[in-house]
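This report describes selected features of one structure, beginning with a sheet and ending with a helix pair. The sequence and the model are shown here for reference.

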Amino acid sequence: MEKHITLPRESAIDRTVLMEGTDNAGHTVAVNRSYFLKDGKPWLPVMGEIHYARLEESDWKRALAKMKAGGIDIVATYVFWIYHEEVEGRFDWTGRRNLRHFIELCEEAGLAVLLRIGPWDHGEVRNGGYPDWLLAKDCNPGYNNEEYFSYAKKLYDEIFAQVEGFLYKDGGPIIGVQIDNEYGHCHGQGGEEGLKHMRRLKEMAVAAGFDVPMYTATGWGGAVVVPGEMIPVLAAYAEGSWEQHLNPMAPPASYLFADERDDIAVGSDLSSDEVKKCTVDLRAYPYATCEIGGGMQDSYRRRPVVTADDTECLMLAKFGSGANMIGYYMYQGGTNDTGKLTDLQETEATGYPNNLPKRSYDYQAPLGEFGEMRASFRYLRLYHMLCHDFGDVLTETTTVIPDEGQLRADDPDALRVSVRHKDGRGFVFLSNYQRGLQMAAKNDVHLTLTYGERDIAFPAFTLGSGERLVLPFGLRIGSIEIAAATAQPLCRIDNGDDSYWFFFAYEGRKAAYDFRQETVRGIDAETGEVMKQGGRVVVTPGASAFAVLGMDGRRHHIVTLTRREAERCLKITVGGQDYLVSSDADLFVEDGRLVLHGEASTDPTVTSFPELPRHLFAWSAAMSFFAIWLGQHLGIGATKVGILYSANAIVALILQPVFGFVSDKIGLRKTLMFFILAVLMLIGPFFIFIYGPLLVSHFYIGAAVGGVFLGFVFNAGYGVIDSYIDKVSRKYGFEYGRARMWGSFGWACATYTTGIFMNIDPDLSFLSASAAAILAICFLAFADVDMTKEEMKKAQSVHPRDVLALLKNKSILHMLFFMIGVGCVYDVYDQQFGVYFVQQFASEAEGNLWFGRLGAIQTFFEAVFLFGAPVIANKLGGKRTLLLAGTIMSIRIIGSSFQWGPEWIGFMKCIHSFEKPLFLVGQFKYISQVFDVRLCSSIYLGCLFTSSICTTVFSSFFGFFYETFGFSESYLVIGLVAGLCNLISARLLADDRAKKAGGMGEAAAITGQTQAEAKSV
């Protein structure tokens, strides 16, 4: 069979923007006259209908996770008036009617929402959604009646009150609102009165608060759409259970590729026999569907069976005809609730033409009434993945349908084909399926496209009865061009410097890829055939994938799956890396976990490309979860995370020198400690009610407010606590490290529980921090720390000139060089290491959990080593202990740059158990051996002050570095810098062995005192 299609020059794409909206982070959603846009880029969204009120509230989260796995981008849902105000004046938003909670879960799942707010919905609900009490009034619902409008206004106000704060402009998921349903077609008025009615409803919705990027209205069957103010959305069904006869349906024309967008048969049970046209020119708007039948609901009159093939090929007919939004009704089946007064299903008893099941609204949907993931779920996902990875190409195409108007739905022999192209590049849609008709096989098809002077000849292929394909031509893969292929594109996965392009073909069929030879430097195919002829390179792959080297030197891998293999594939993203996961079981991601859904008797396996990360080790420091919380729960990127760390450090710049001097001045008194812990008690409410909401709504204000609070409590406050422990340890003759060990044990408990809380509710972590602060105040109050008169006198003798004198001494400057070049650089490296760690896992939740668990173990060993670290410090002295810690830190940073799997990264982090104790103990040991002990707090917090300055500078810079070059490359640079500074510090740091033997020269030199004065001190 030969088929030749001439592709005309494209008709002009009308990019006039009709509607648009911007969220509080600057992201945009828009609609022009041809397609949808997201952040200014063409977007081909997939929408699926789910009725929250037809599912138990406890089932919503899993249902949405499955919809996400099916490739759904937008959730559409009706707000059934009768479900919420069955009794006049008594609105019910509880349980399965809890719209606000449902929208919250949509947001958590990363799904946008189109809210269909009525007042009339149909949806096979009693009275189409009108409450009985409304119909009992003499207000003529659906007509231009002021009393009716007053009730509809109350409904809109109530709906908005439930979703306030979740509109797109607020950073929420609601991107659109549909006004009424099938108005002017199945109910209500047509003509000018109908336009007046729909315009009034939209004005009421806007007045209620519905300020959204787009407003829609159903446009089939002559429905009323307000020109320029609403986007018409369209429908197609395999069969109508609403038909009033019992005869078999003729093969429906909706399975043909066609230029006609309207389907007047939809809802024909409620419409008149008069053929009406929509009130707008459908071609002046993007071809958007909202009700491609995901199945069909049974009625007691007609019980049609809609197969997965029926559903897929119905969608394909609309997709190939130019649809730029794919929308299904239903995608998730449900169960009718029982009302307080009546049953809630459509019934002849209320004057409607059909009797429907009292409870079941399964709809034979891709996701069944009780969560079954049906064959249609897998079939449709093949095209949704195509929309996601190639939608930017498809949206701006011109549709060419040869033989338009000549094909008949009852003709089994014709080749049904459509072409969507731009500049002679695009996709050929082929369907050899027709509901109600056995199609003849199309053998040895020779398809040629002509665009201008260029012929595009596809390698010969066969299209069996019932088969369908979408074939690419002129497909650019980097610098390479596939002139034509006989396999359908599935998705793309980037792995390192290479890209992997997945295609599929029917079992037993050989796919062929025809490359333009001038774009190919080489082919690496272990099996199959490679032929060069006439400026083309045709590859017929064998059992394995093959690689193509482009003229730019980049390697691209082509992987051909069977259709059955492709149906079992799910593309997921973990830590910025895409994975193609496959299993005999159905797959979806819930709470960051990969869930397998299948028969209990099966023993499914899971494979992935690239291989999903495995885990052995993880680590944590309590504040490291700060970066994870910012990224995962607030959606803040690495650069802004760096800005937040800088904001915290700026406040510390002011407080640390002050805290240091005050600490030395008050000696062992607890005043400053109590003050810091009192503020720390407020951390739970602060994070939950102030900091988090501010960062989402007004980032820079939140950064400033958080900088004041966190800089005070953590960046400056923890230095006061450490310094106080050091003073008490020297007074009572025990080692600082052994006292600090108990803090590490507490830290271990905190990291373990926080890792769990992060997956349940981060707020629990913040509230537990407040509770810990209360306990700390109690312990501090009962701690018996005395201060003698002599100690008070020594503390009070500290004068600002003593602190200022430190700035003139080279030993202080040399120590600061070490603290900046090694300690500060290390801190900046460690700030966002939690994010890097979590990226190694198959899911964020799994990474969080192990981040907490193994972090607790690591901190436990850190605490144990703190007990032994003083022995090393006493043996080596402060200087050598610091250098040893700096060496380990440098090795750890450099080692982390090598991505040799999570086991290796985990091992690198576990070294933290040794380096941190050595660094802390060595720091206080060095200060006490080299400097005047009266000024230990000023010196210690002065070092923190200097580190804060550098953190302010480095954090934002390295945050940008992480986003631009990646964590691995950044860590290599940071590690080399730290190692070099550590080597230089070996020459610069003062030799502390003299004072260890009784010498006091450094202390005297620093403070300007005599040897005798220093000894007396």
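## Terms and basis

Two strands are taken to pair if DSSP finds at least two bridges between them, and helices (H or I, at least four residues) and strands (E, at least two) are DSSP runs numbered from the N terminus. The model is a predicted one, in which local features need pLDDT of at least 70 and side-chain atom pairs count only at pLDDT 80 or more, while totals for chains, interfaces and linings use all residues. Residues are numbered from 1 along each chain as its sequence is written, and side-chain values use heavy atoms, with hydrogens and water left out.

## An open sheet and its helix

Strand E33 (residues 577–583) and E36 run antiparallel and are joined by 4 bridges; Leu580 has Phe609 of E36 as its bridge partner. These strands belong to an open sheet of 3 strands in the order E32-E33-E36, with antiparallel pairing. Strand E32 (569–574) and strand E36 (606–609) are the edge strands, each pairing on one side only, and the twist from one strand to the next averages 30°.

Helix H8 (residues 375–394) packs on this sheet and touches E32 and E33, its direction making about 40° with that of E32. Contact here means heavy atoms within 4.5 Å, and such angles run from 0 to 180 degrees between N-to-C directions, with axes fitted as lines to C-alpha atoms, for helices over the stretch in contact.

## Nonpolar cores

A nonpolar core is a set of buried Ala, Val, Leu, Ile, Met, Phe, Trp, Tyr and Cys residues joined through side-chain atoms within 4.5 Å, where buried means under 20% relative accessible area (1.4 Å probe, protein chains only). The largest such core has 173 residues, of which Leu115, Phe210, Phe319, Leu490, Tyr513 and Phe515 touch the most other members. Leaving aside neighbours within four places in sequence, Phe319 is in contact with residues including Leu44, Tyr383, Arg420 and Phe429.

Apart from that core lies another, of 44 residues, among them Tyr829, Phe961, Phe967 and Tyr971. Ser970 is placed in helix H26 (residues 967–988) and is buried, with a relative accessible area of 0%; not counting residues up to four places away in sequence, Ser970 touches Phe961 and Tyr962.

## A helix pair

The axes of helix H13 (residues 683–697) and helix H16 (residues 762–782) come within 6 Å and cross at roughly 150°. H13 and H16 are therefore roughly antiparallel to each other, a description applied to angles over 145 degrees. Among the residues making the contact are Phe687 and Ile688 of H13 and Phe766 and Leu767 of H16.

Conventions. Buried < 20%, exposed > 50% of the residue type's maximum accessible area, 1.4 Å probe, protein only. Parallel < 35°, antiparallel > 145°, perpendicular 65-115°, else oblique.
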